[in-house]
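Trainee: I would like to learn how to read a model like this one, going from single residues to the whole chain. Could we take one feature at a time?

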Amino acid sequence: MTHAPRLPLIAGLPLAVAAGLAIPVQGRINGALGARLNDGIAAAVVSFTTGLVVMIVVSLILPRGRRGLAQILPALRERRFPPVYVIAGGIGAFFVFAQSFTVGLLGVALFTVATVTGQTLSGLLVDRLGIGPAGKKSVTGIRVLGTVLTIAAVAWAVSPRFGGAGASGGPAGGGADPAQLLLPVILPVIAGFLMSFQQAMNGTATVHYGTPIAATLVNFISGATVLWLVWLIKLAVAGAGSPLPAEGWYYLGGPMGCAFIGLGALLVRSLGVLVTGLGMIAGQLLGSLGLDLAFPAPGTVVALPTVLGTLLTLGAIVLATLPWPRGALKRQPGR
């Protein structure tokens, strides 16, 4: 088994932020593709299939990728980690489906809040259980405070878009029936909650494969398998949606998924699941803000709360990730 050196926080956290930058771009692409095809499942299939093709090419071309390929079957046969970790790609498939199905209904803003809420809460749980390669990390008061502040800051940052209409940029309009939005909101919350488990499983698999390339490839194999089976069932029951678009940018969601899944698998060993997730959340907000400024969707609003909420999110992540001494929030004796 190959042991890669652990990254220090000062190097790993910026990489987590960089990985998170791809998530809102992928969400915009997959949401647009789902609307174009009139089929969220088909959009997820396209995204995962293109990502799988990229990972196959990378695994065959790069020497590290070929070494990782040679370790996949031995690692599974010898049960170096729980075999269920192989289906982590199913979680990624569910996340991409949630993007494709709900971004058009909720908008990027509400989708972001829902996924962040699920991901930050499960990040604490996964670290406490020690599922990832970094082992158990205690749930300190500082980490809980940073998590709560992160959720609040993200909600504040996207609040100007809550009243906006449109499938592309803002959530459903103010006249929408809340009951009709219940399922679309629950899906990204669940997807975000499961993402921490996916990162932990991928991080553990990376340690045993010796490279995140192999872990990412296995993710796309299992995720694409699940999505193709679901889509074929849907095809038999309801028929096909609209034909595939000719524009090439609709097919960039999968390669972006390769980037943040691979980096996430690499980073959780050094940073833990919660800190990796919080770094990606910071990247998500910065990427969303950049998208809104550079390529605004109809109804997009970049207001002061968006900028301040993004800055507060970065502050909350710093608060949660700094190596505070134990008992930093505890009351000192005699005070």
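Mentor: Let us begin with one residue and its surroundings, bearing in mind that this is a predicted model. Leaving out residues up to four places away in sequence, Ser222 touches Val86, Ile87, Gly89 and Gly90. Ser222 belongs to helix α8, and a polar atom of its side chain lies 3.3 Å from the backbone nitrogen of Gly89.

Trainee: Is Ser222 buried or exposed, and why?

Mentor: Ser222 has a relative accessible area of 14%, and because buried means under 20%, it is classed as buried. Gly262 sits in helix α9 and, apart from neighbours within four places in sequence, is in contact with Pro212 and Thr216. The C-alpha atoms of Gly262 and Ala19 are separated by 8.9 Å, although these residues are 243 residues apart along the chain.

Trainee: Ala19 brings me to helix α1; which of the residues in α1 are buried?

Mentor: The buried residues in α1 are Gly12, Leu13, Ala16, Val17, Ala19 and Gly20. They lie on the same side of α1, because the arc they cover around the axis is only 160 degrees.

Trainee: What does Phe48 touch, not counting residues up to four places away in sequence?

Mentor: With those set aside, Phe48 touches Gly89, Gly92, Ala93, Val96, Asn219, Phe220, Gly223, Ala224 and Leu227.

Trainee: How should I describe two aromatic rings that come together?

Mentor: In general, one gives the distance of the centres and the angle of the planes. The count here comes to six aromatic pairs. One of them is formed by Phe48 and Phe220, with 4.9 Å centre to centre and 45 degrees between the planes, and it is tilted. This pair links distant parts of the chain, since Phe48 is in helix α3 and Phe220 in helix α8, 172 residues apart. Phe48 and Phe220 are buried.

Trainee: Why is the pair of Phe81 and Tyr85 called stacked?

Mentor: Its ring centres are 6.1 Å apart and its planes meet at 25 degrees, and because planes under 30 degrees apart count as stacked, the pair falls in that class. Phe81 and Tyr85 are both buried, and ring pairs join Phe81, Tyr85 and Tyr209 into a cluster.

Trainee: How many helices and strands are in the chain?

Mentor: The chain has 11 helices and zero strands. Of its 335 residues, 50% are buried. Among contacts in the chain with a separation of 6 or more, 85% are between residues 24 or more positions apart.

Conventions
Residues are numbered from 1 along each chain as its sequence is written. This is a predicted model: local features need pLDDT of at least 70, side-chain atom pairs count only at pLDDT 80 or more; totals for chains, interfaces and linings use all residues. Side-chain values use heavy atoms; hydrogens and water are left out. Buried means under 20% relative accessible area, exposed over 50%, partly exposed in between (1.4 Å probe, protein chains only). Helices (H or I, at least four residues) and strands (E, at least two) are DSSP runs, numbered from the N terminus. The arc is that of the directions from the helix axis to the C-beta atoms. Contact means heavy atoms within 4.5 Å. A polar contact is a pair of N or O atoms within 3.5 Å; within protein, one must be able to donate a hydrogen and the other to accept it, and residues adjacent in sequence count only if both atoms are side-chain atoms. Rings of Phe, Tyr and Trp (its six-membered ring) pair if their centres lie within 6.5 Å; planes under 30 degrees apart count as stacked, over 60 as edge-to-face and the rest as tilted.
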